[in-house]
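Student: I would like to learn how to read a model of this kind. Could we take the features in turn, with the general idea ahead of the case?

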Number of protein chains: 2
Amino acid sequence: MLIQILGSAAGGGFPQWNCTCANCSSLRAGTMRGKARTQTQIAFSPTDGVWFLVCASPDLRTQLVGARELSPSSETAGHSPIAGVFLPSADVDAVMGLLHLREFQNFFVFATPAVQRVVRNENPIFRVLDRANPPVQWQTLASNRRIGCHLSENSGDPPTFFYSTIPLAGNYPDYASEDVRRGGSPGDACVGFLLEQENKKLFIAPTLSGHNSEWIKLAAAANVALLDGTFWSDEELLATGRTKKTARAMGHLPLSGAEGLLAQYPKDAAGRKILIHINNTNPILDENSEEHHAVVDAGFEIAYDGLTIEL
Amino acid sequence: MLIQILGSAAGGGFPQWNCTCANCSSLRAGTMRGKARTQTQIAFSPTDGVWFLVCASPDLRTQLVGARELSPSSETAGHSPIAGVFLPSADVDAVMGLLHLREFQNFFVFATPAVQRVVRNENPIFRVLDRANPPVQWQTLASNRRIGCHLSENSGDPPTFFYSTIPLAGNYPDYASEDVRRGGSPGDACVGFLLEQENKKLFIAPTLSGHNSEWIKLAAAANVALLDGTFWSDEELLATGRTKKTARAMGHLPLSGAEGLLAQYPKDAAGRKILIHINNTNPILDENSEEHHAVVDAGFEIAYDGLTIEL
């Protein structure tokens with residue numbers, strides 16, 4: 001399985017259009033040792049010429065145009081090689097990119113019932129996905145079920161890969177209705193994914209609320225774990241003066257602190273652990289910062305746009 | 001007034017993520033004499049350090065990050081210099097970019113009652129604009145009214161510029177409800193704009209249905225007219241095999257033909273006439289094509305990303 005990180009920043013990207021925090025200002029001025037990043041977008045290819053997306057980034061069009069292997073060609077009979085999109089939540093930065101995929105192509109969208117209610121029932125703008133003939137097909141994700149996905153033309157072959165949906169006890173986005181909040185199963189609002197192929201495992205959770213801990217064992221047992229690297233500290237956004245919400249109130253376990261991701265993550269985990277969904281305010285973006293070195297010294301990698309991983 | 005064309009393509013951009021038409025294929029292969037284009041986005045600055053947008057392109061984040069004068073700086077007290085957005089319709093490629101402008105900054109959105117109903121009432125995802133404190137402020141556009149916009153700190157000064165809203169008799173987007181369609185005033189679905197400053201006039205209509213003709217005199221009297229260049233011919237999309245809709249059925253007057261824009265446009269119009277919102281299938285994108293030369297020979301310019309116009 002080939003994995004491409006097309007985007008690695010949190011909502012808004014880095015730099016953010018209206019932000020002059022230390023990171024955004026020094027990146028714009030060209031004085032930072034660090035990289036610009038588009039909003040989190042993961043792509044994986046379980047077999048030649050077929051790609052799936054995890055998240056639907058607001059920057060998806062730019063990301064796809066820049067990735068030749070994700071563009072249509074004569075080898076893909078003139079269609080995009082994108083077969084499906086896995087949605088971890090209904091957050092704007094995880095679903096807005098679906099609107100980039102409108103027009104003339106059907107594919108699968110994998111989402112929990114709650115995420116489908118927000119996107120399909122409450123926001124008719126996403127009906128533009130029905131313009132394809134046949135229309136986009138929605139597949140319902142159920143927590144903790146392991147599903148085989150068959151891509152071979154030979155029906156006797158084993159599944160090409162397996163996916164499991166991991167409930168992460170996260171928040172609904174602020175624009176979801178009370179009906180959705182009341183009606184959803186616990187854990188439906190925000191999920192992670194475990195992908196398996198030939199005994200190799202990839203764990204994906206761009207958002208980790210820290211409100212449950214079942215995911216930790218799965219992540220630690222994976223060959224590669226893509227993990228929520230949104231905020232360094234719980235108070236990080238307060239310092240900008242623009243919000244009164246902590247990282248945890250926004251549904252993100254911070255990296256630092258006694259209860260943070262770095263301290264909680266099992267020290268004996270043997271796989272690669274890669275931080276993704278990094279907010280523009282996070283000091284780890286500055287490669288000269290103490291925080292950047294602390295993360296690297298703890299054995300974590302920091303995802304960047306263009307990172308390719310072979311599983 | 002300074003005008004920046006940040007994007008010049010129709011919905012989907014050029015190349016389009018899932019398209020292998022002659023233009024998209026040859027652009028990807030590097031064999032075309034022509035330029036990649038992001039989705040239509042116009043910005044104008046009526047006074048130093050203040051910018052307004054016309055349309056909210058799906059590519060807006062990438063466009064803003066690439067335009068230094070539209071980025072926040074110490075001169076703009078750490079805020080984006082964007083003061084407002086004019087919406088010509090509720091088409092996905094004209095409103096999706098509002099979602100890029102979420103988080104922590106208020107600005108004005110100018111839209112007709114029908115466009116507001118689609119965006120604000122029927123699609124709660126746009127409520128993320130209310131996260132700013134104070135929230136984004138909606139201003140209602142009324143057809144054929146000329147409004148002065150004051151940006152000077154001195155209340156005795158005349159308006160910095162004037163804007164008028166021109167009804168264009170276009171379609172509602174396919175995702176709008178029957179309620180909106182029934183309830184709207186004629187001409188509310190799709191409008192153009194006339195901007196005036198110090199006797200200079202800019203006419204803007206990225207979508208022209210051709211169902212009315214009042215706009216022609218206004219466009220022809222302007223110093224600069226940005227005009228619907230979506231399709232060369234009425235049958236252009238039929239040839240792709242992907243839709244059964246003509247250009248006119250999609251709400252776009254084609255460029256060619258006896259009733260097309262080139263034939264209809266007054267020959268004695270003295271101002272610059274610039275085609276924008278150009279679809280990926282339009283042969284004028286190929287600078288070696290007959291159609292490209294026909295347009296240029298008729299005195300029209302073809303907008304490209306990065307074009308700057310001084311009014």
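Student: Where is His277(A) found?

Tutor: His277(A) is found in the loop between strand S12 (272–276) and helix H8 (290–297) of chain A. Helices (H or I, at least four residues) and strands (E, at least two) are DSSP runs, numbered from the N terminus. This is a predicted model, in which local features need pLDDT of at least 70 and side-chain atom pairs count only at pLDDT 80 or more, while totals for chains, interfaces and linings use all residues. Residues are numbered from 1 along each chain as its sequence is written, chains are lettered from A and ligands numbered from 1 in the order in which they are written, and side-chain values use heavy atoms, with hydrogens and water left out.

Student: What is the phi of His277(A) near?

Tutor: Most residues other than glycine have a negative phi, and most peptide bonds are trans. Phi of His277(A) is positive, near 60°.

Student: Which residues does a cis peptide bond join?

Tutor: One such bond joins Phe14(A) and Pro15(A), with omega about 0°. Pro15(A) sits in the loop between strand S1 (2–7) and helix H1 (22–29) of chain A. Another joins Asn133(A) and Pro134(A), again with omega about 0°. Pro134(A) belongs to the loop between H4 and S6 of chain A.

Student: In what order do the strands of the open sheet in chain A come?

Tutor: Two strands pair if DSSP finds at least two bridges between them. In chain A, 7 strands form an open sheet with mixed pairing, in the order S6-S5-S4-S3-S2-S1-S14. Strand S6 (137–140) and strand S14 (308–310) are its edge strands, each pairing on one side only. On average, neighbouring strands of this sheet are turned by 20° against each other, direction ignored. Within the sheet, S4 (residues 82–86) and S5 (residues 108–111) of chain A run parallel and are joined by 3 bridges. Phe86(A) stands opposite Phe110(A) in S5(A).

Student: Which strands does helix H4 of chain A lie across?

Tutor: Helix H4 (residues 113–121) of chain A lies across S5 and S6 of chain A and runs at about 150° to S6(A). Axes are lines fitted to C-alpha atoms, for helices over the stretch in contact, and angles run from 0 to 180 degrees between N-to-C directions.

Student: What is the order of the 7 strands in the open sheet of chain B?

Tutor: The order is S7-S8-S9-S10-S11-S12-S13, with mixed pairing. Strand S7 (146–149) and strand S13 (300–302) of chain B are the edge strands. Neighbouring strands here are turned by 25° against each other on average, direction ignored. S11 (residues 224–228) and S12 (residues 272–276) of chain B run parallel, joined by 5 bridges, and Leu226(B) stands opposite Ile274(B) in S12(B).

Student: How many residues of chain A are in contact with chain B?

Tutor: Contact means heavy atoms within 4.5 Å. By that rule, 52 residues of chain A are in contact with 52 residues of chain B. Buried area is the accessible area (1.4 Å probe) that two parts lose on being put together, summed over both. Between chain A and chain B it is about 4,400 Å², and carbon and sulfur atoms give 58% of this. Trp17(A), Arg61(A) and Phe104(A) supply 20% of the area that chain A buries against chain B, more than any other three residues.

Student: How many salt bridges are there between chain A and chain B?

Tutor: Side chains of opposite charge can pair when their charged atoms come close. A salt bridge is a side-chain nitrogen of Lys or Arg within 4 Å of a carboxyl oxygen of Asp or Glu. The count between chain A and chain B is 4; over all chains it comes to 18. Arg61(A) and Asp59(B) meet in a salt bridge at 3.5 Å, N to O. This pair crosses from helix H2 of chain A to the loop between strand S3 (50–54) and helix H2 (60–65) of chain B. Asp174(B) forms another with Arg131(A), the closest N and O atoms being 2.7 Å apart.

Student: Which residues does Thr38(B) touch?

Tutor: Leaving out residues up to four places away in sequence, Thr38(B) touches several residues, among them Arg61(A), Asp59(B) and Gln63(B). Thr38(B) lies in the loop between helix H1 (22–29) and strand S2 (41–47) of chain B.
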